[in-house]
Amino acid sequence: MTETPTTVETCAPAEAHAIGLDAATTVAGMLKALADPLRLRMLSAIATDPRGESCVCDLAELADVSQPTISHHLKVLKDTGLLASERRGTWVYYRIVPTRQTAVTTLLDGFASTVAADPTGDRPESPREVDAHVIDRLAQELTNEFNTLSRDLVVTMVRESYAGLLRSAKVARHLVPLTERFARQRLADLTRDRETGVPQVLFVCVQNAGRSQLAAALVNQMADGKVVARSAGSRPAPDVHPHVRSLLTEIEGEDAAIERFPKPLTDDAVRAADVVITMGCDDVCPIIPGVRYEDWAVGDPALASAEGVEAIRDDIAARVRTLLDSLTSR
């Protein structure tokens, strides 16, 4: 009697999916060098210095340690290949090596800010799917409001807006009102008349929970309607950072600050903008002809102390004044 062969489950070789040994060794050495709070603070200070570099004399103010200790930590960072240095007279200046800029940005703006925003590691309540008919009813209402656009386009925009917010939402009950506001903004961008409308600025950072929200609020406060600002994130956070929320309340008032929420970056937002300003999110923005692009190297409020957050606000405010002068003096 011939036995029927049984199917034997086999495991896929882990080696085929794992990072290579040489690359893992290099990355592990770099992460080991970064596993020190002072070194991470130094790296952050250098990466966000408006000058594009930091003097060792400035970095010494980050901690109450001796100058040789500061120099030791900087040498460790330099030996990893993250930093380059140049001596000018008495002092040495440090900058991020250009080929490592993306890695540093990912570490500071992606990983570090996410951990800092949720230090307990608690998972937020998972949102549930909202009934499709609720979204369809919202699409119909917006179709009637934006009657110059086709119904199919409006429906698509509403569903895309809902899906984009769902990926980072904390709770389901906020999804419909946030979808309405986000979709309405996107539809307004689609119908914007660039010739007659006031200049529009789009601020983009990674999580749209700090810098970009603060910059947009400052523009809208200081421009007095002569310039409109929006903000978005390449990987939006579930909510605006608490430090920034308090500053937004001071700038806009409590009701307006409560209304702010992180939004995903979309092509239509970029197309509607006259100026796109990135703030630590690398080259995520599509390049649209006729749109002016700038990059502002400013600190991340999610990683800063209370005093640091205020300093970041003042830095952004100074940049906003310069920006508004260039847009309103035409």
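The protein contains 13 helices and seven strands, where helices (H or I, at least four residues) and strands (E, at least two) are DSSP runs numbered from the N terminus. The model is a predicted one, in which local features need pLDDT of at least 70 and side-chain atom pairs count only at pLDDT 80 or more, while totals for chains, interfaces and linings use all residues. Residues are numbered from 1 along each chain as its sequence is written, and side-chain values use heavy atoms, with hydrogens and water left out.

Of the 330 residues, 43% are buried; buried means under 20% relative accessible area, exposed over 50%, and partly exposed in between (1.4 Å probe, protein chains only). The protein exposes about 18200 Å², of which carbon and sulfur atoms supply 53%. Among contacts (heavy atoms within 4.5 Å) between residues at least 6 apart in sequence, 69% join residues at least 24 apart.

Four strands form an open sheet with parallel pairing, in the order β5-β4-β6-β7; two strands pair if DSSP finds at least two bridges between them. Because β5 (228–233) and β7 (292–295) stand at the edges with a single partner strand each, one side of each is left without a neighbour in the sheet. Neighbouring strands of this sheet are turned by 20° against each other on average, direction ignored. Strands β4 (residues 200–205) and β6 (residues 275–278) are joined in the parallel sense by four bridges, and phenylalanine 203 stands opposite isoleucine 277 in β6.

Helix α13 (residues 306–328) packs on the sheet, where it touches β4, β6 and β7, and its direction makes about 165° with that of β7. Helix α9 lies across β4 and β5 and runs at about 175° to β5. Axes here are lines fitted to C-alpha atoms, for helices over the stretch in contact, and angles run from 0 to 180 degrees between N-to-C directions.

Helix α9 (residues 211–222) has 12 residues and reaches 16 Å from its first C-alpha to its last, close to the expected 16 Å, the expected span being 1.5 Å times one less than the number of residues. Nine of the 12 residues of α9 are buried, including Arg211, Gln213, Leu214 and Val219. After α9 comes aspartate 224, with a positive phi near 55°.

The count of disulfides is zero, a disulfide being a pair of cysteine sulfur atoms within 2.5 Å. Cysteine 55 is buried, at a relative accessible area of 1%, whereas cysteine 57 is partly exposed, at 27% relative accessibility.

How values were computed:
Areas by Shrake-Rupley, 256 points an atom, 1.4 Å probe, with all protein chains shown as cover.
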